[in-house]
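Please look over the structure below. The report that follows takes up its cores, its pocket and its backbone.

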Amino acid sequence: MKLVFAGTPEVAVPALDALIASGRHEVAAVVTRPDAPAGRGRRLVASPVAERAEEAGIEVLKPAKPRDPDFLDRLRAIAPDCCPVVAYGALLPKVALDVPARGWVNLHFSLLPAWRGAAPVQHALMAGDEITGASTFLIEEGLDSGPVYGTVTETVRPTDTSGDLLTRLAFAGSGLLAATMDGIEDGTLDAVPQPADGVSFAPKITVEDARIDWTAPALRVDRVVRGCTPAPGAWTTFRGERLKVVQAVPLPDRDGLAPGHLAPGKNNVYVGTGSYAVELLWVQAQGKKPMRAADWARGVRIAEGELLGA
């Protein structure tokens, strides 16, 4: 088939690579978000998908909105058979959905109908899911509600961050998306409607969602830290300033600390929660680089009775 691939962040690059490498289909063009300011200089930088496409000599389209007339005219001129999508980042209007004969097929990082929305991996971790995965489905006008072509499953490991899990799903899902394109092309794959039961939603994680509630049980604190790492970053406050918690570990055998109360040791920093304590391993103070929690604690000289999140 002739394909137009839509995607933007680094997590979409493995799928683009898989389609290029398959040799069975032609990736005629790539659609991605416009260049965005990045770094201290805030200079405009192309998306990872745009950079990879340019390296491969593939035409790159960067519409401000996917309903822009010039973009739609170019899409019609290319006349793709199918448009695979991975984390494109913009809502596709019906006028664009109607262009490819075999539709737009999205690789979504959950086992649909669970976790429809922008942040499925983060929500799966924060909810304590033990199994997650990726799904390919035909895009409709509803939110991730289209019929499913296929899935792959992935076990959630005890120390996974959303970054760890998303990286594994990106590579596992790339093979699923390539296989889905093959099945659509040769007619051996039919999309199956999603069940009505088991629907859950995964809206974008806000900064406030990432704030640690130290009165919550330690397992909840652990899930928030892992689910919000690397972005937007779990955080709390210390002496009125924001402190990111980059890595922490629950300690079921250590209790007796009130929620938020700090107990620094020679090489450890413990914090009380609504159940048992957690040990802070890595933190990032405002305006600083990430550092070991024990080094941070020595630098700030924690006084007896001081706490996080006050």
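A nonpolar core is a set of buried Ala, Val, Leu, Ile, Met, Phe, Trp, Tyr and Cys residues joined through side-chain atoms within 4.5 Å. Buried means under 20% relative accessible area, exposed means over 50%, and partly exposed lies in between (1.4 Å probe, protein chains only).

This is a predicted model, in which local features need pLDDT of at least 70 and side-chain atom pairs count only at pLDDT 80 or more, while totals for chains, interfaces and linings use all residues. Residues are numbered from 1 along each chain as its sequence is written, and side-chain values use heavy atoms, with hydrogens and water left out.

**The cores**

The largest nonpolar core has 32 residues. Phe 5, Leu 19, Val 30, Val 86, Phe 109, Leu 177 and Met 181 have the most contacts inside this core. At least two of its residues come from each of β1 (2-7), α1 (13-22), β2 (26-31), α2 (48-55), β7, α5 and α6. The top contributor is α6, which gives eight residues. In soluble globular proteins, nonpolar side chains tend to be buried together.

Which residues does Met 181 touch, leaving out those up to four places away in sequence? They are Met 1, Leu 3, Leu 19, His 25, Cys 82, Pro 84 and Val 105. Contact means heavy atoms within 4.5 Å.

**The whole chain**

The protein chain has eight helices and 15 strands. Both are DSSP runs numbered from the N terminus: helices are H or I with at least four residues, strands E with at least two. Of the 310 residues in the chain, 48% are buried. Among contacts with a separation of 6 or more, 65% join residues 24 or more positions apart. Along the principal axes, the C-alpha atoms fill a box of roughly 70 × 45 × 30 Å.

**The largest pocket**

The largest pocket contains about 1100 Å³ of space. It is lined by 39 residues, and Ala 87, Tyr 88, Gly 89, Gly 117 and Ala 118 are the closest to its centre. Two or more lining residues come from each of β7 (104-108), α5 (120-126) and α6 (162-186). On a 1 Å grid over the protein atoms alone, a pocket is an open set of points where a 1.4 Å probe fits, with protein on both sides within 12 Å along at least five of seven lines; lining residues have an atom within 4 Å of a point. Grid points are joined across faces, edges and corners, and the volume is the space filled by probe spheres set on the points.

The lining has 24 nonpolar, eleven polar and four charged residues. Here Ala, Val, Leu, Ile, Met, Phe, Trp, Tyr, Cys and Pro count as nonpolar, Asp, Glu, Lys and Arg as charged, and the others, Gly among them, as polar.

**Backbone details**

| Cis peptide bond | Omega |
|---|---|
| Leu 112 to Pro 113 | near 15 degrees |
| Thr 229 to Pro 230 | about 15 degrees |

Pro 113 sits in the loop between β7 and α5. Pro 230 sits in the loop between α7 (218-227) and β10 (235-238).

Trp 115 is also found in the loop between β7 and α5. Its phi is positive, about 60 degrees, although it is not a glycine. Is Trp 115 buried or exposed? Trp 115 is buried, with a relative accessible area of 15%.

Ala 79 has a positive phi too, near 55 degrees. Its place is the loop between α3 (69-78) and β6 (83-86). Ala 79 is partly exposed, at 44% relative accessible area.
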